[in-house]
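Please look at the model below. The paragraphs that follow go through its surface and its chain contacts.

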Amino acid sequence: MTATTRDTMTNSTATAASPEARTAAFYELEPHHHPEGASTMLGFWIYLMSDCLIFAMLFAAYGVLGGNFAAGPGPKDLFELPLIAVNTAMLLFSSITYGFAMLVMEKGKVRATQGWLLVTAVFGASFLAIELYEFSHLIHEGAGPWRSGFLTAFFSLVGTHGLHVTFGLIWLFTLVVQLSKKGLTPANQRRLQCLSLFWHFLDVIWIGVFTFVYLMGML
Amino acid sequence: MSDHSNPHAEDHHDDHGAGHGTMRDYVIGFLLSVILTAIPFWLVMTDAIADKATTAIVIMAFAIVQIVVHMIYFLHMNTKSNNGWTVMALIFTIIIVVIALSGSLWVMHHLNTNMMPMPHDMGQLP
């Protein structure tokens with residue numbers, strides 16, 4: 001309709017209107033400009049929500065299978081709460097040191113950002129080391145993931161979380177190298193913000209793990 | 001909108017969706033998390049509450065509060081970021097998680113209780 005009125009207004013013949021002029025009246029052909037990376041944080045947030053669903057399914061599996069010991073060892077025979085408390089502290093410390101990295105990043109201090117990232121990595125690696133020690137201890141006692149439904153669900157849930165922390169650490173070291181090569185460019189700041197969300201998200205998942213798996217298992 | 005051509009834009013305040021925390025936010029969040037983690041561990045390790053069901057409900061309540069603390073002080077959630085789309089995604093995820101978790105536990109519980117009682121040793125069957 002708009003195209004035909006425009007035709008009469010410009011007093012041209014119907015064939016003179018180009019196909020672009022007709023279609024342009026119905027939808028935008030010119031893409032309006034989005035600043036680079038404007039939607040990255042929302043996209044990454046939606047990824048985290050999908051990751052949240054993965055963990056929800058693993059929690060559901062643990063909730064269903066958590067009581068199936070197959071005459072094997074139960075949580076009270078296996079878990080050591082002081083070790084888990086240390087582990088939780090490591091992850092909590094790594095969360096606040098990552099927060100400090102974000103604060104110095106906003107001030108544009110590259111060296112300090114790298115420093116806090118490496119402190120975060122030390123806490124993250126300690127968390128992983130303690131978890132691997134716990135896993136090897138369990139497997140050494142014959143309580144590996146093959147022993148019972150409870151242990152399968154336990155290793156899947158806690159192992160998936162540990163795998164996320166491992167990938168977070170790889171990502172963290174990549175960003176430390178990128179920072180020394182390119183500095184705090186807008187792209188690198190965006191990457192650091194994504195990793196910040198990822199890292200704090202893993203701490204949120206761990207709250208669920210230590211409450212539902214360890215603390216409730218010891219009741 | 002700040003100029004992106006400057007690589008060291010220090011006053012880089014355009015909203016990327018994630019809020020920017022302050023030192024105060026992180027310290028408050030950290031202290032609250034320490035308290036909210038220490039109390040459930042203490043409750044379970046010392047058997048402070050005799051009734052196990054009560055302890056379970058209390059430590060679950062602490063976990064939920066701590067998750068909210070992390071969301072606000074560490075993940076800087078607010079209803080305004082990305083025109084509210086982050087909150088919409090979060091609410092949608094919470095609904096799916098609640099349906100999946102409660103549904104799985106409910107269905108499997110009923111499946112277990114309504115199953116015919118079975119002897120543990122199948123070899124003893126005639």
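Which residues make a nonpolar surface patch of about 320 Å²? This is a predicted model, in which local features need pLDDT of at least 70 and side-chain atom pairs pLDDT 80 or more, while totals for chains, interfaces and linings use all residues. Residues are numbered from 1 along each chain as its sequence is written, chains are lettered from A in the order in which they are written, and side-chain values use heavy atoms, without hydrogens or water.

The patch is made by A:L163, A:F167 and A:I170. Patch residues have over 30% relative accessible area and no salt bridge, and nonpolar side chains (Val, Leu, Ile, Met, Phe, Trp, Tyr) are joined within 5 Å. A:L163 is found in helix α7 of chain A, residues 149-182.

Turning to the interface, 51 residues of chain A are in contact (heavy atoms within 4.5 Å) with 50 residues of chain B. The two chains bury about 4400 Å² between them, 80% of it on carbon and sulfur atoms; buried area is the accessible area (1.4 Å probe) lost on being put together, summed over both parts. A:W45, A:L92 and A:L219 supply 15% of the area that chain A buries against chain B, more than any other three residues.

On the side of chain A that touches chain B, α3 (40-65), α5 (81-106) and α8 (186-217) each supply at least two residues. The largest share, 15 residues, comes from α8(A).

Technical notes
Helix = DSSP H or I, 4+ residues; strand = E, 2+ residues; numbered from the N terminus. Patch = residues over 30% accessible without salt bridge, like charges linked within 9 Å, V, L, I, M, F, W, Y side chains within 5 Å. Areas by Shrake-Rupley, 256 points an atom, 1.4 Å probe, with all protein chains shown as cover. Salt bridge = Lys/Arg side-chain N within 4 Å of Asp/Glu carboxyl O.
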